[in-house]
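Try each task before you read its solution.

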Amino acid sequence: MAATLTPPAPAPVAGPRPVPRRSTGGWRSRWPLLPLIATVLLPALPHSLTGGGGAAVGPADVASGIAVLVCVARLLYLRRQPLSATAALVLGLPAVGFAVAAVTAADPAAALPGLVRYLQVFVLVPVAVFLLLRDAAGFRIVAGSLVVLAVIQGVTGVHQYVTGTGASYMGEEIRAVGTFGPSDIMGMATVVAYGLLVAAACALGARGRTPARLRPVAAVLAVALIVPLALSFSRGVWIATAVAGLVALALAGRRQALTSLAVLGAAAVVLVGGFGVGSQMIADRAASVTQVTRAPDQSVSDRYAMWSAAGSMWREHPATGVGLKGFPAHRDAHASIGLSSGSDTAGAGQAFRRQALLSPHNMYLLVLGEQGLIGLTAILGSWAAILAGAVRRLVSARSRGGAAVDCGLAAVALMTWSCVNFLYADIGGPTTVLSGVVLGLAAWWALSEPDRAERAVTA
């Protein structure tokens with residue numbers, strides 16, 4: 001009997017393959033960034049809460065604490081390795097110096113608030129930013145909030161100059177200080193510089209559909225923010241912004257650099273030469289940068305005296321310094337007799353007051369005097385690694401035509417600005433927490449995996 005052959009069943013017709021949907025980066029997936037955005041925007045509030053020990057705890061500090069808690073909760077829920085070995089080493093290295101300086105201080109209990117503050121600004125907030133950012137779009141959101149803050153403060157500062165309601169400067173209440181007041185004279189200048197550099201980075205390096213649409217707006221904002229920056233009359237911020245801007249221009253390419261310099265030159269001629277926006281006072285203030293060694297004013301003399309005092313503290317305690325928050329207590333024993341008791345502040349809705357000089361206005365000398373060589377080596381090593389890594393990754397991204405070049409330019413510019421500005425300033429005031437956010441942005445670009453750092457949402 002012949003076997004009956006059953007024909008094979010026809011193969012199923014393959015339907016159309018589903019097209020993978022690109023993440024739109026909506027706020028449903030971006031909500032962990034909200035505490036970071038609040039951390040950036042809340043320093044503008046003209047009030048603060050007083051915490052224990054007399055330390056000023058502002059709303060931005062509370063928001064940064066929430067960001068850290070959100071980060072911890074996400075790590076526990078997702079059960080992921082929080083940091084690579086390299087990132088953990090670089091971001092955690094400053095904590096070694098902070099801990100040693102706190103333990104070896106003459107009064108460790110008095111140094112405890114300083115330990116908490118330093119850990120917050122230079123370790124916890126940067127780590128939170130590093131871990132909460134998922135891609136280049138998240139970087140742009142947080143960096144964009146810096147631009148928003150800069151615009152708000154810049155408009156307020158220009159209004160103060162025009163209406164004569166700013167801080168006192170050369171006998172006139174015209175100094176632009178934004179909502180920070182004369183007691184935090186560097187606050188507005190700092191946030192305006194941050195926003196200017198981020199906007200310039202976007203104008204120089206934005207690629208892809210969505211970022212490229214923002215380039216004209218970013219270019220206009222970068223030029224416009226020059227006005228309140230100039231009206232802040234803050235020489236140290238001017239120098240840091242100029243250096244950071246030149247570094248960003250050099251890394252953006254020759255054509256971009258020449259075009260941008262031409263635009264900036266034309267803008268300076270129109271704003272200062274054409275409209276006379278503070279031209280004489282700005283010129284005098286800029287000229288004083290070269291006169292600080294020949295005929296220094298009292299503020300410069302006080303700064304030199306405090307720098308000398310910090311150096312004397314270090315020579316007395318070379319390894320560990322005098323302890324965190326120890327500079328005010330040891331200042332008079334190490335400062336020269338020419339140091340004044342404080343600086344005069346007035347204007348912007350505040351009555352005349354004498355503000356004590358409690359820091360050397362140089363972050364490196366402050367760390368050297370309070371934390372010694374151990375602390376300075378730890379913090380400089382961390383920052384140098386971040387800056388070098390950010391530059392290396394930016395050069396690599398440009399050579400491959402990466403889509404996140406604007407993020408790299410912003411990271412390098414912000415980190416360069418911080419390193420230069422700390423030659424003339426240190427932490428203090430409501431904008432202190434922003435230093436941690438900036439450090440976290442730069443660390444994310446420098447230390448995260450290449451696919452994370454260069455991934456962009458182009459919806």
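**Exercise 1. Find how many disulfides this predicted model holds, and look at C202.**

Step 1: A disulfide is a covalent bond between the sulfur atoms of two cysteines.
Step 2: Searching the whole structure gives 0 disulfides.
Step 3: For C202, the nearest cysteine sulfur belongs to C407 and is 8.9 Å away.

**Exercise 2. Decide whether C202 and L380 are buried, partly exposed or exposed.**

Step 1: Buried means under 20% relative accessible area, and exposed means over 50%.
Step 2: C202 has 14% relative accessibility, so C202 is buried.
Step 3: L380, in helix 16, has 35%, so L380 is partly exposed.

**Exercise 3. Check the span of helix 11 (residues 235–252).**

Step 1: Helix 11 has 18 residues, and at 1.5 Å a residue it should span 26 Å. The expected span uses one less than the number of residues.
Step 2: The end C-alpha atoms of helix 11 are 26 Å apart, which agrees.

**Exercise 4. Describe the cavities and their linings.**

Step 1: The whole structure has 2 cavities of 30 Å³ or more.
Step 2: The largest cavity holds about 70 Å³. Its lining includes F122, W383 and M415, and divides into 7 nonpolar, 2 polar and no charged residues.
Step 3: The second largest cavity holds about 50 Å³. Among its lining residues are R30, R74 and R134, and the lining divides into 4 nonpolar, 2 polar and 3 charged.

Terms used
Residues numbered from 1 in each chain as written. Predicted model: local features only at pLDDT ≥ 70, side-chain atom pairs only at ≥ 80, totals over all residues. Heavy atoms only, no water. Disulfide = S-S within 2.5 Å. Buried < 20%, exposed > 50% of the residue type's maximum accessible area, 1.4 Å probe, protein only. Helix = DSSP H or I, 4+ residues; strand = E, 2+ residues; numbered from the N terminus. 1 Å grid on protein atoms, 1.4 Å probe; cavity = no way out; pocket = protein on both sides within 12 Å on 5 of 7 lines; lining within 4 Å. Points joined across faces, edges and corners; volume = space filled by probe spheres on them. Nonpolar A, V, L, I, M, F, W, Y, C, P; charged D, E, K, R; others polar.
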